[in-house]
Amino acid sequence: MRLGVLDVGSNTVHLLVVDAHRGAHPTPMHSEKTVLRLAEQITRNNHLSKQGAQALLEAVESAKAAAAKLGCEELMAFATSAVRDADNGNDVLRKVADETGVDLTVLSGVDEARLTFLAVRRWFGWSAGRLLVLDIGGGSLEVAMGIDEEPELAESLPLGAGRITRTRFAHDPPTRSELVATSAWLEDQLAPLAKRVAKLGTPDRVVATSKTFRSLARLTGAAPSAAGPRVRRTLSQTALRQLIAFISRMEAADLAELEGVSASRAHQLAGGALVAQAAMRALSLEELEICPWALREGVILRRLDHSNGDEATVRRGKTTGDSNRLDLGELDQAR
């Protein structure tokens, strides 16, 4: 079947279309993004602005039309931290549903961690043993660990690359005092998580996902995306430290010119790098392996797992009209 996944994140609205069926490897057929930077559209009273809400509505309508044109049988739509954190998030989602017919499900941070973990587990397989997975988004950091497909630990912390940039940096590039203070603050924020991870033992494989980690790995010498998803890519703590010394002195406009850095995320690259470094230090990780699959693939895989019709992650509907809602009931039952 042809499936569409619509991911409303802190920076972009991303439509991924795949051909897939249960037991098969999902094959990407189309990908398109609209840069909205919703997290930057949150007002002082913690509301998503009218402009941000309207831009979201238009982006969802456009993605829905693209999914229908591409022949998607189902469109699974979800939103993460930017909408999750806005006090008027539910009102905005109701308006989007009423005007577009697309019913966005707000994923909790824990469910983000669990679905991302599922994607990484499927990518590397059982031979990977006990996995430790890190994912830096725009608004949050997800960490999950376990030996099965359901992680023993799944946590989300408000330490995303965009959030750190907005709340900790007042200058572009950030000043040395901002960098030092933020690094020390991140160390304190991650200390409790490090203790919980340590109780689970030593991971057999440590993996990172997300655009932030991919960009950092590329800037430290990992193969470009053109080399294909199966090329092994890594990020070491040593290389990251050297990279931070370089990029922390550059303005966002200059960072956007670097290969592997998208213009829409260049402004938060230094913040994301500090989060990555702090997480690696807190968890005593010398190297991470980059996984090409993450949250969107996890949503697809969960849907395929329940494609026998008894329980479905998605309530089936037509992308041209009926509302599609991501049903996380089976996730709750698995906890």
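Me: In which helix do Asp 111 and Arg 114 both lie?
Reply: The model under discussion is predicted. In it, Asp 111 forms a salt bridge with Arg 114, with the closest N and O atoms 2.9 Å apart. The two residues are three apart, about one turn of the helix, and the element that holds both is helix α4.

Me: Are Asp 111 and Arg 114 buried or exposed?
Reply: A residue counts as buried when its relative accessible area is under 20%. By that criterion, both Asp 111 and Arg 114 are buried.

Me: How many residues apart in sequence are the parts tied together by Glu 149 and Arg 122?
Reply: Glu 149 forms a salt bridge with Arg 122, and their closest N and O atoms are 2.5 Å apart. Glu 149 lies in the loop between β7 (141–146) and β8 (153–157), whereas Arg 122 lies in helix α4, so the pair ties together parts of the chain whose separation in sequence is 27 residues.

Me: Which residues do salt bridges that share partners join into one network?
Reply: The structure holds 18 salt bridges. Those that share partners join four residues into one network: Arg 205, Arg 232, Glu 287 and Glu 289.

Me: How many residues apart are Arg 296 and Asp 7?
Reply: Arg 296 forms a salt bridge with Asp 7, and the closest N and O atoms are 2.7 Å apart. The pair links distant parts of the chain, since Arg 296 is in helix α11 and Asp 7 is in strand β1 (residues 2–8); the separation is 289 residues.

Me: What is the relative accessibility of Asp 7?
Reply: Buried residues have a relative accessible area under 20%. Asp 7 counts as buried because its relative accessibility is 8%.

Me: What geometry does the pair of Trp 123 and Trp 293 have?
Reply: The structure holds one aromatic pair. It is formed by Trp 123 and Trp 293, at 5.1 Å centre to centre and with 65° between the planes. Planes over 60 degrees apart count as edge-to-face, and the geometry of this pair is therefore edge-to-face.

Me: How many residues apart in sequence are the parts that Trp 123 and Trp 293 tie together?
Reply: Trp 293 is buried, with a relative accessible area of 9%. Trp 123 lies in helix α4 (residues 109–124) and Trp 293 in the loop between β11 (287–290) and α11 (295–305), so the parts tied together have a sequence separation of 170 residues.

Me: Which helix supplies the largest share of the lining of the second largest pocket?
Reply: The second largest pocket has a volume of about 240 Å³. At least two residues of its lining come from each of α6 (176–199), α8 (237–247) and α10 (269–282). The largest share is four residues, and the helix that supplies it is α6.

Me: How many residues in the lining of the second largest pocket are charged?
Reply: The lining includes Arg 176, Arg 241, Arg 249 and Arg 281. By class, the lining divides into five nonpolar residues, three polar ones and, as charged residues, four.

Me: Which helix gives the largest share of the lining of the largest cavity?
Reply: A search of the whole structure finds three cavities of 30 Å³ or more. The largest cavity holds about 70 Å³ of space, and among its lining residues are Lys 211, Thr 212 and Ser 215. The largest share of this lining, three residues, comes from helix α7.

Me: Where does Pro 173 lie?
Reply: Pro 173 is joined to Asp 172 by a cis peptide bond, with omega about 0°. Its place is the loop between α5 (161–168) and α6.

Me: What percentage of residues 17–305 is helix?
Reply: An unreviewed UniProt entry annotates this span as "domain: Ppx/GppA phosphatase N-terminal". The end C-alpha atoms of the span lie 18 Å apart. Strand makes up 17% of the span, and the value for helix is 46%.

Conventions. Residues are numbered from 1 along each chain as its sequence is written. This is a predicted model: local features need pLDDT of at least 70, side-chain atom pairs count only at pLDDT 80 or more; totals for chains, interfaces and linings use all residues. Side-chain values use heavy atoms; hydrogens and water are left out. On a 1 Å grid over the protein atoms alone, a cavity is a set of points where a 1.4 Å probe fits but cannot get out, and a pocket is an open set with protein on both sides within 12 Å along at least five of seven lines; lining residues have an atom within 4 Å of a point. Grid points are joined across faces, edges and corners, and a volume is the space filled by probe spheres set on the points. Ala, Val, Leu, Ile, Met, Phe, Trp, Tyr, Cys and Pro count as nonpolar, Asp, Glu, Lys and Arg as charged, and the others, Gly among them, as polar. UniProt positions are given in the numbering used here, feature names are shortened, and annotations may be inferred rather than shown by experiment. Rings of Phe, Tyr and Trp (its six-membered ring) pair if their centres lie within 6.5 Å; planes under 30 degrees apart count as stacked, over 60 as edge-to-face and the rest as tilted. Buried means under 20% relative accessible area, exposed over 50%, partly exposed in between (1.4 Å probe, protein chains only). A salt bridge is a side-chain nitrogen of Lys or Arg within 4 Å of a carboxyl oxygen of Asp or Glu.
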